[in-house]
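Here is a short briefing to read alongside the model. Please keep the sequence and the 3D view open as you go.

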Amino acid sequence: MKRDIPITLHELNRMVTGWLVVLIAIFASSSINAASDDPESVNPRQEPTLLVMGDSLSAAYGIEREEGWVSLLAERLEGDAQIVNASISGETTSGGLQRFADILRQQQPDIVLLELGGNDGLRGLAPAQMQTNLASMIEQSQQADAKVLLLGIDIPPNYGQAYRDAFTGVFYTLAEEYDVPLVPFLLEDIALDTTLMQSDGIHPTADAQPTILANVWPALEPLLETTQQAAME
């Protein structure tokens, strides 16, 4: 009889343990199912992605990359948006167009900041071709359900007024044709201030970068608000 007691207790412990395992499994299963029914848990709202497609003005040429206006934008939007900077110094609209489809597919941005054209102007390339290239990138963005912000630029007066008018006119024409917001001149309040320009007279200094962001922000902020509201619906 003395040997029956530990055997009975052992069997009882096994039964209790078994029931605990079953109860834990049922509880865990209920918790998983409850989480799966929560849309925020199944597919949490992700931060919007902003793609900056630009040239040296957005690639922080001649300064530290973290000092550039795109990096300053990333700091301002930290936790609220993801910034992808695909800018390359010396890039033309033709070069940007060649890269654009792959970048658009890989990054799937919600907003595209299109800052190209300056190098076309400095090289005296045809404004009509620049317009065609930019138009293609705008169309691809809109077909991918991405909003577009067009960042315009100007060229020095020695290129002649006729060419300058044709060049800057491209940005206004595209903004109207595709109904996209436009920052007419990215270097507003900077280009004519020698203290804010590097020695080449083309690229802004680190001190100028907050002003560039200030020029961009009023046009960008409404796009961000619209994108964030749509993501919450």
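Predicted model: local features only at pLDDT ≥ 70, side-chain atom pairs only at ≥ 80, totals over all residues.

Residues are numbered from 1 along each chain as its sequence is written, and side-chain values use heavy atoms, with hydrogens and water left out.

**The sheet**

- Five strands form an open sheet in the order S2-S1-S3-S4-S5, with parallel pairing; strands (E, at least two residues) and helices (H or I, at least four) are DSSP runs numbered from the N terminus, and two strands pair if DSSP finds at least two bridges between them.
- S2 (82-85) and S5 are the edge strands, each with a single partner, so one side of each has no neighbour in the sheet.

**Strand S3 and its partners**

- Five bridges link S1 (residues 49-54) to S3 (residues 111-115) in the parallel sense, and Leu51 has Val112 in S3 as its bridge partner.
- S3 also runs parallel to S4 (residues 147-151), joined by four bridges, and Leu114 has Leu150 in S4 as its bridge partner.
- Five of the five residues of S3 are buried, so the strand is largely enclosed by the rest of the structure; buried means under 20% relative accessible area, exposed over 50%, and partly exposed in between (1.4 Å probe, protein chains only).
- Both faces of S3 are covered, with Ile111, Leu113 and Glu115 buried on one side and Val112 and Leu114 buried on the other.

**A negative surface patch**

- Glu64, Glu66, Glu67, Glu75, Glu78 and Asp207 gather in a patch of negative charge on the surface.
- Patch residues have over 30% relative accessible area and no salt bridge, and like charges are joined within 9 Å; a salt bridge is a side-chain nitrogen of Lys or Arg within 4 Å of a carboxyl oxygen of Asp or Glu.
- Asp207 lies in the loop between S5 (182-183) and helix H8 (209-232), and Asp207 counts as exposed at 62% relative accessibility.

Definitions and conventions. Patch = residues over 30% accessible without salt bridge, like charges linked within 9 Å, V, L, I, M, F, W, Y side chains within 5 Å. Areas by Shrake-Rupley, 256 points an atom, 1.4 Å probe, with all protein chains shown as cover. Lys, Arg positive; Asp, Glu negative; His and termini not counted. Charge placed at Lys NZ, Arg CZ, Asp CG, Glu CD.
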